[in-house]
Amino acid sequence: MSAVEEELSALFAALQLHLNEQRARAEAELESKWMLNENVGTFLLFLAQKAAFGESDGVKAFGSVLFRRIAIKSPKDINKITDRVIGTVDEQTRVNIRLVLLLGFVAPQSPFVRHKLADAISEVAKEDASPQGTWPDLLPNIFEASRNSDSSFRDSAFRVFSAAPEILSGANPEEVLNLFRGGFEDSNDDVRIAASSAFVEFFKNSDKPAWQNLLPLLPNLLNSLPRFLETGQDEALASVLEYLLELVELAPKTFKDAFPTVIEFCSTVAKNKELNSKARLSALELLTTFSEVSPAMCKKTSSYAESMVLVTLSLMTEVCIDDDDAAEWNNSDDVEDEDEEEEYQAAKQALDRVSLKLNGNTLAGPLFQYLPTMLQSSEWRERQAALMAISSAAEGCADVLTPEIPKIIDLVLPSIDDVHPRVQYACCNALGQLSTDFAYEIQKNLGDKILPALISKLTQASVPRVQSHAAAALVNFSEAAAIYNTSKSDTLDPYLDTLLSNLLGLLQNSPKRYVHEQVLTTIAFTAGAADQKFIKYYDTLMPLVTECLRGDLGMDNRMLQAKCIECATLIARAVGKEKFAPNSQDLIQLFINLQATATEDDDPVKSYLEQGWSRICSIIGSDFLPLLPTVLPPLISEARATQDISFLEEDEAEEFYNDDEWEVINLDGKIIAVNTALLDLKVSAIELLRTYAEKLKGDFYPYVKEIAREIAIPALDFYLHDGVRASAALTLASLLKCQVSAVGNKANETYELWSQISKKLIEALKEEPVPELLVAHYSALADCIVQMDQDCFDDEQLQTFAGAIASNMEKTFEGIKDRENEDDEYTEDVEEDDGECSYEDLLDEISKTLTELIKSSKARFLNVFPSFINVTGTFLNDENTNIKMCGLSVIADLLAYCGPGSYKYKDLFVNVLGESLLSPHANIRQAATYSVGVAAQQGLAEYQSFCLACLEPMFKMASILDARADDNEYATDNAIAAIAKIFHSYGPTIPNLDTLIQQWIILLPVTIDEEAATFAYAYLSHLIESNHPTIISQVPVIVDAVMQALTNSYIGGATAKKVATATRGLLGTLPVDAARGLLNKYPQEIVGAWFS
């Protein structure tokens, strides 16, 4: 044995020891010496030899595990996070490693060792370690193993294919089909599971054209499922269903022919109470996912909606098993624990998800055919399931249920007095959810039914869980009432006395802490809804709430104190600064005292206190400034949090998967855990800092430099947490606004800050792959440009920014086109969920930012416009209206702000603008007419012939029968204004101008677009004041157009005064009776205001 082998053997032995000190020394030696680039290949080869031919199974297994751990680690000289040590080893050493591992794999081994060797081989087989063609012996040997009579060979072969599916890409297609057919039909459960995993991974790794060759295997894969069910292999069944789920997400339409069978099988599994939860919930998840990735197929398959309703209703009855009186449920103090009753919780979520995708036309009928009967059932579990189903499905079925809400409320309300507390609870849940999902309709018309019902449960006659949930439902009602002001006096007022009296009774008498916490939240939101009307109750409730903040109530009551913080500050905000003033200093001192005690990371007081300080700031404004040295340090400390990342072994990952505070990411075989809880706190802290900046404006200036340079700018590099990057970008814009407010936008320090912000944000535009994040970056840049005003980029910055925008436009175009092509034989083009950022949202934000950039740069923008020529031309000529609109917006800004130089690019856009004037899409017509108007407004001779040629199509567009339809109003208004602009700029050169003006007057009024109305009526005033010959014959039409504009506030300010004065003069040319006759048709208060 050589000296190196002896040294490595000693190290290997030490690494296996359980003695911490010796093992620690060995790990230090490993890191300092054998992880160096020049040594790591030798060490990996040694480990491969141990894995293949070690003295015992334990040594072999440890060798395999250590080999794999070292192979996938990041090298010393890392270029990117996905780099792996095995990819840096020289080719000859890799050849030797491959040979050793393969020899060990085919040699006699225990199944456990062979599995470990398969995992090691998989890492070496990946692209960076074995580029195509460099391991010719691998595929034949693994194929041979898949046919071996020993099931451990077959299982291990599929493990390799699953972990490194790319090695099959060059294989004979027929041999691949036979491989998987054999795996799906194997007599061994483990092999069938491994084959399923490998097939899904290979499918995912293959290009779409290759999928067609794999589709014949799908029936074989599906046919393997009943065997697991028949033999009682629940875990195996769950595993294969989970692999199928990935396939459904990728190519749902491939299941089209088998879909009815899949629905029937999964429904059977999900409803089978004899199976374990994992199998049942996997079946339910598979069914639910179909609705999200292929809703059209689900709607067309008649059995889908019916089956989903029956499955979810059945699972929702699985509550309080062996506890018919729900005593355990009611006595529990952990009301947030959703780990219990897994099937029930999953069914609620599944019905919610399905309803949001299929909507009421598909789901409401099948659902409501069962609900009335279930609500009358003698079995309480069915009654509560029906109510929970209404809660889950109502929002998604709103398209059908909205007109039926009064009937649904009548259906639900009797259950508020059900004999079983769990049904009462479900009724409260339904009323609360409906109050949110059908906000305004509920608050405006049905409060007199819902409020008394919920308030009646806030007494000692109800069990604590019902008391708490009724109070929570009232929060839902109050939140919507606070938004829709018309509901406040009509709905809440008559019930405030009883509501607050009952809440106060629970606060003082309930033995349950969770009831106290919920009551405080309900009082707070009731105050927000009642607003100034809450002053009546302030003197009674505020002292009770603040009393709870005095002294140490122990850690068990910290959430109670946290809720008191929320309640006190929301009450203060509702009643206003004047009423709050006498108590403000007392509450502030209590907060200061609490802050000194909030030292533990998991103390709920910390986060509630941060929000509470923010509310106090919004109430007392600049009076808050002396408190900033107290409030900001802990907030800034949280905002400084760094990315807490751990690289994990597979056996460590499970612990992190089960920890809500961590997110586990698999990057090219590397398992990375990110402490998202810490970063979520960082996001919250940054957003609160932005809130202070926005509320305090220039007064926040002393903190701007530190927060911008040390927190917000570095946070743009937090690549593993989208929320951090988004909040940082938006905060930078608010900080710059503070700076400008304090020292102006011409100050050197402002330009220095702006230079740092713009450089970083523009860099981010080039690298950021997430549309939602790009929206935040563009929004921040647009706000900053507005603050900096004119010409805030030098030539180099302008060129860099322009290049980044053009590149983003191109990528967004590609994204939209890829999405449009998604609806193929494999996938559906599914609409994004509400609240999800889309490519269209990004285009809109890019357009807004470009407008501010061009407005700021003016003619200088023409120097960088060549970067946009190709992409703008592509956008202008595309049929997608959102893409075309973005292109038209660029042209409008070019015409509006770049002066005569824009004419150089006329060939890019004049034909498109002309054609777009008669587009079937109103928004395209509006954008085109606006652009023509902008061109005319410049009065440039270069655009004269183009503008005159646009008159005829714009008259035609503004004269059609439905020109005033809701969808067409903006386009019509802009056409009328654009015609006026052409008349104003090029009038003397227009043939038959008088006739055209006469026709134009008939098109009035301009009804909705304020900018268009301002110019159109200014031009009309000009015609009247200059005694244009067409005016005298059009007096009634002119007066009507003016009176409509004044009556409906289409115009205001100087424009309204000017046109009213001109019209008064025009009326003065008529006999008094004739003038009065014209004005008598209109509201006399308007006539009196403008013409008396």
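Visitor: At roughly what angle do the axes of helix H5 and helix H7 cross?

Guide: This is a predicted model, in which local features need pLDDT of at least 70, side-chain atom pairs count only at pLDDT 80 or more, and totals for chains, interfaces and linings use all residues. Residues are numbered from 1 along each chain as its sequence is written, and side-chain values use heavy atoms, with hydrogens and water left out. Helices are DSSP runs of H or I with at least four residues, numbered from the N terminus, and axes are lines fitted to C-alpha atoms, over the stretch in contact for helices, with angles from 0 to 180 degrees between N-to-C directions. Here the axes of H5 (residues 91–106) and H7 (residues 138–146) come within 11 Å and cross at roughly 15°. H5 is therefore roughly parallel to H7, a term for angles under 35 degrees.

Visitor: Which residues of H5 and H7 meet?

Guide: Contact means heavy atoms within 4.5 Å. Leu102, Phe105 and Val106 in H5 meet Leu138, Asn141, Ile142 and Ala145 in H7.

Visitor: Does asparagine 974 count as buried or exposed, and why?

Guide: Buried means under 20% relative accessible area and exposed over 50%, with partly exposed in between (1.4 Å probe, protein chains only). Asparagine 974, which is found in helix H50 (residues 969–986), counts as buried because its relative accessibility is 5%. Leaving aside neighbours within four places in sequence, asparagine 974 is in contact with Gln926, Thr929, Tyr930, Asp1009 and Ala1012.

Visitor: What percentage of the residues in the chain is buried?

Guide: Of the 1092 residues in the chain, 55% are buried.

Terms used
Helices (H or I, at least four residues) and strands (E, at least two) are DSSP runs, numbered from the N terminus. Angles under 35 degrees count as roughly parallel, over 145 as roughly antiparallel, 65 to 115 as roughly perpendicular and the rest as oblique.
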